[in-house]
Amino acid sequence: MVKGLYTAYTGMINQQNRMDVLTNNLANSATNGFKKEGSTSQSFDETLAIKIKDTSAYRLPKALGDVTLGVKVGECYTDYDQGSFRVTDNVYDMAIDGDGFFAISYTNKAGETSVKYTRDGAFTVNQQGYLVTKDGDFVLNQAAAQAGNPGQAGYIQLNPNLPVVVDENGNYFQNDVLMGQIGVVDFADYNFLAKYGENMYDLVEGGQVQQSNAQISQGTLEMSNVNVVSEMVEMINVTRAYEANQKIIQTIDSTLEKAVNSIGKA
């Protein structure tokens with residue numbers, strides 16, 4: 001086996017994975033509350049190269065040194081840094097300033113209801129007066145969010161004919177009367193968060209919900225934390241690295257062709 005071919009091949013696979021992550025980030029650069037992803041690379045463990053059919057020492061193959069077999073895809077991670085804020089002056093738009101997530105009662109196509117979490121605070125009020133996401137999923141109050149209860153008792157209901165004021169602690173008022181508190185929670189370890197889709201996260205087994213010290217900003221939305229310029233620059237670097245590995249394969253292929261067609265005839 002020509003190890004150079006394998007090394008270049010693993011390099012191309014790794015760069016393709018990095019490109020997939022970058023394109024997903026760029027596609028969501030305008031998505032409210034989106035958190036960009038990154039990827040890591042890891043080299044294969046080095047192996048000891050030895051001479052084969054070496055008769056200089058009886059049954060004692062001579063070592064040539066360590067050889068690396070290329071690179072392998074590591075893991076993808078999420079950057080939870082806060083994005084910039086955009087003022088919308090929409091009373092139902094909320095942004096979280098600090099660490100934390102809105103708790104959402106989400107019902108899938110099978111009719112199963114569970115609690116999901118998001119940083120996207122582009123909410124609205126439906127015909128029944130419930131505070132919902134743009135997809136119609138119900139926003140939970142603080143008690144339901146803390147308990148992880150997606151039931152109807154935790155829904156936030158407002159009078160759409162009255163103005164609503166939300167303070168920095170998430171308390172919402174109508175006619176100067178405290179109606180409740182919007183559910184915002186944090187987690188002890190973000191490694192237990194998994195991207196679910198639709199700009200929401202799922203808390204996997206072992207994750208622990210804890211109190212959030214974040215503040216709520218009404219009439220504001222958190223934007224994506226993707227920096228388009230830096231992602232484009234990184235995309236150029238990935239493309240060049242991919243082309244370099246591709247050139248290596250072409251060079252080795254040309255060398256092998258000469259070895260077979262020219263040296264083999266001698």
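These legends go with close-up views of a predicted model, taking in its cavities and some of its salt bridges.

**View 1. Here is the largest cavity, with a volume of about 90 Å³.** A search of the whole structure turns up two cavities of 30 Å³ or more.

**View 2. Now for the second largest cavity, which holds about 30 Å³ of space.** Tyr92, Met94, Leu131, Leu158, Val164, Val166, Tyr172 and Ile182 make up its lining. By class, that gives eight nonpolar residues, with no polar and no charged ones.

**View 3. Glutamate 234 and arginine 18 join their side chains in a salt bridge.** The N to O distance here is 2.1 Å. The two partners come from distant parts of the chain: glutamate 234 belongs to helix 3 (residues 228-261) and arginine 18 to helix 1 (residues 3-27), 216 residues apart. Glutamate 234 is partly exposed, as its relative accessible area is 29%. This is one of six salt bridges in the structure.

**View 4. Lysine 35 and glutamate 222 form a salt bridge.** Their closest N and O atoms are 2.5 Å apart. Lysine 35 sits in the loop between helix 1 and strand 1 (37-43), while glutamate 222 is in strand 20 (residues 220-222), so this pair ties together parts that are 187 residues apart in sequence. Are these two partners buried or exposed? Lysine 35 has a relative accessible area of 1%, so it counts as buried. Glutamate 222 is buried too, with 1% relative accessibility; the cut-off for buried is under 20%.

**View 5. Lysine 195 meets glutamate 37 in a salt bridge, side chain to side chain.** From N to O, the distance is 3.5 Å. Once again, distant parts of the chain are linked: lysine 195 is in strand 16 (residues 193-197) and glutamate 37 in strand 1, with the two 158 residues apart.

Notes:
Residues numbered from 1 in each chain as written. Predicted model: local features only at pLDDT ≥ 70, side-chain atom pairs only at ≥ 80, totals over all residues. Heavy atoms only, no water. 1 Å grid on protein atoms, 1.4 Å probe; cavity = no way out; pocket = protein on both sides within 12 Å on 5 of 7 lines; lining within 4 Å. Points joined across faces, edges and corners; volume = space filled by probe spheres on them. Nonpolar A, V, L, I, M, F, W, Y, C, P; charged D, E, K, R; others polar. Salt bridge = Lys/Arg side-chain N within 4 Å of Asp/Glu carboxyl O. Helix = DSSP H or I, 4+ residues; strand = E, 2+ residues; numbered from the N terminus. Buried < 20%, exposed > 50% of the residue type's maximum accessible area, 1.4 Å probe, protein only.
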